[in-house]
Amino acid sequence: MIVLLTGDDQHAIQEQLNQYKAEIDAQWLTLCYHRFPADHLDRAISVARTRSLTGDKKLVIVENCHLKQWGDTELETLQQLVQVPEFTILVFVATNVDKRLKIYKHLVKYVKLFEFLLIPSWRTDLIEKAISTQAKKIKLVLSKDAVEYLAEAIGNDMTRAATELRKLYIYGNGRQLELAEVKELVPCQTQNSLQLASAIRQGESNQVLHLLDDLLSRSESLMVIVATLLTQFRTWLWVKSALVSGIKKDSELAQMCSISNPNRIYYLRQEVANTSINALAKAVTMMLDLHMSIKTGAEAKYLLPTILSVSRLFKLN
């Protein structure tokens, strides 16, 4: 079996790899379990083609295959995929791939493709569902508001979610955990970023500088900071747009804006009451551009000018 695992949900990909590894007899792991970097493709294919000494399944993983690093030599090496026996599980792992590449078009002739994409950070309903599902798998019982808090505190980082849920399971020892206990055990890493979003929306440049400096001094991930800001500004824009269009009921607003907790609408109304919809729309556009820049490797020095530019939008309105 030959598979290609792609996507930015590293936790889901690792879970899939663990499933494949579980198919290998534990006593033969040293002989039947192999990992190679992408630049050792020829060696990986050679091992995959060779029958295992035990006669059982063999797992061969080729990591970090964004495919752009491979050329004609690797394309020729991949011709040997037809010789990989059925008892070998050959796995190519890639965060993302360009499906226009010739080498990708050749590879997909032989592989099963599985895509694992992170839940968008603004889809708190899906994040809550994912956390509930993970909790049930390990028989962890959480109150509804505890799940809502975890979705806010952890965001779409499912790797961290798995770690925190295991910690809560050990602490809970089979009983249901309530919000207060969960808050004590699981810090909200997005809290300061949410405070930063509020300072930006209020045009408080000095506070913006203070909060941003604090976040960066604690080595907070640029991606997490920007994703949190984008999520918050997008939510504000949705709510403001719904209000401008004449939607009045909190339940309708919550449904239209994909907000799982209708009680949150009261506070969102207050936050956008005196905020320009044009400023919010421009802010979301600028945040999206910044988010894409960070994804493609932009450095921290590009963060401050953009954040201050967004803050000035609200100081003028």
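Predicted model: local features only at pLDDT ≥ 70, side-chain atom pairs only at ≥ 80, totals over all residues.

Reader: How do you know how confident the predictor is in the chain?

Author: By its pLDDT, which averages 87 over the protein chain. In all, 96% of the residues score at least 70. Confidence is highest in E3, at 94. Helix H13 (residues 250-256) has the lowest, at a mean of 83.

Reader: Now the sheet. What is the order of its strands?

Author: The 5 strands run in the order E2-E3-E4-E1-E5. The sheet is open, and the pairing is parallel. Strands of a sheet pair through backbone hydrogen bonds, either parallel or antiparallel.

Reader: What makes E2 and E5 the edge strands?

Author: Each pairs on one side only. Strand E2 covers 33-37 and strand E5 covers 112-115. Neighbouring strands of this sheet are turned by 20° against each other on average, direction ignored.

Reader: How do you know that E1 and E5 pair?

Author: Two strands pair if there are at least two bridges between them. Strand E1 (residues 2-6) is joined to E5 by 4 bridges. So the pair meets the cut-off. The two strands run parallel. Leu5 stands opposite Phe114 in E5.

Reader: Which helix lies across these strands?

Author: Helix H1 (residues 10-22) does. It lies across E1, E2, strand E3 (58-63), strand E4 (88-94) and E5. H1 runs at about 155° to E1.

Reader: Why are H12 and H14 called roughly perpendicular?

Author: Helix H12 (residues 222-244) and helix H14 (residues 264-272) pack at an angle of about 85°. The term covers 65 to 115 degrees, so H12 is roughly perpendicular to H14. Their axes are 10 Å apart.

Reader: Which residues make that contact?

Author: From H12 come Gln232, Thr235, Trp236, Val239, Lys240 and Leu243. From H14 come Arg264, Leu268, Arg269, Glu271 and Val272. By class, the contact of H12 with H14 has 5 nonpolar, 2 polar and 4 charged residues.

Reader: What makes H12 and H15 roughly antiparallel?

Author: The axes of H12 and helix H15 (residues 277-295) cross at roughly 155°. Angles over 145 degrees count as roughly antiparallel, and therefore H12 and H15 get that name. The axes come within 9 Å. H12 passes H15 in a left-handed crossing. The contact of H12 with H15 divides into 19 nonpolar, 2 polar and 3 charged residues.

Reader: Why is H11 called roughly antiparallel to H16?

Author: Helix H11 (residues 205-217) and helix H16 (residues 303-315) pack at about 150°, with their axes 10 Å apart. The angle lies over 145 degrees, so H11 is roughly antiparallel to H16.

Reader: Is the crossing of H11 and H16 left-handed or right-handed?

Author: H11 passes H16 in a right-handed crossing. Ser205, Val208, Leu209, Leu212 and Leu216 of H11 make the contact with Leu303, Leu304, Ile307, Leu308, Ser311 and Lys315 of H16. By class, the contact of H11 with H16 has 8 nonpolar, 2 polar and 1 charged residues.

Definitions and conventions:
Residues numbered from 1 in each chain as written. Heavy atoms only, no water. Axes fitted to C-alpha atoms, helices over the stretch in contact; angles between N-to-C directions. Parallel < 35°, antiparallel > 145°, perpendicular 65-115°, else oblique. Contact = heavy atoms within 4.5 Å. Nonpolar A, V, L, I, M, F, W, Y, C, P; charged D, E, K, R; others polar. Left-handed = near helix turned anticlockwise from the far one by under 90°. pLDDT = per-residue confidence, 0-100.
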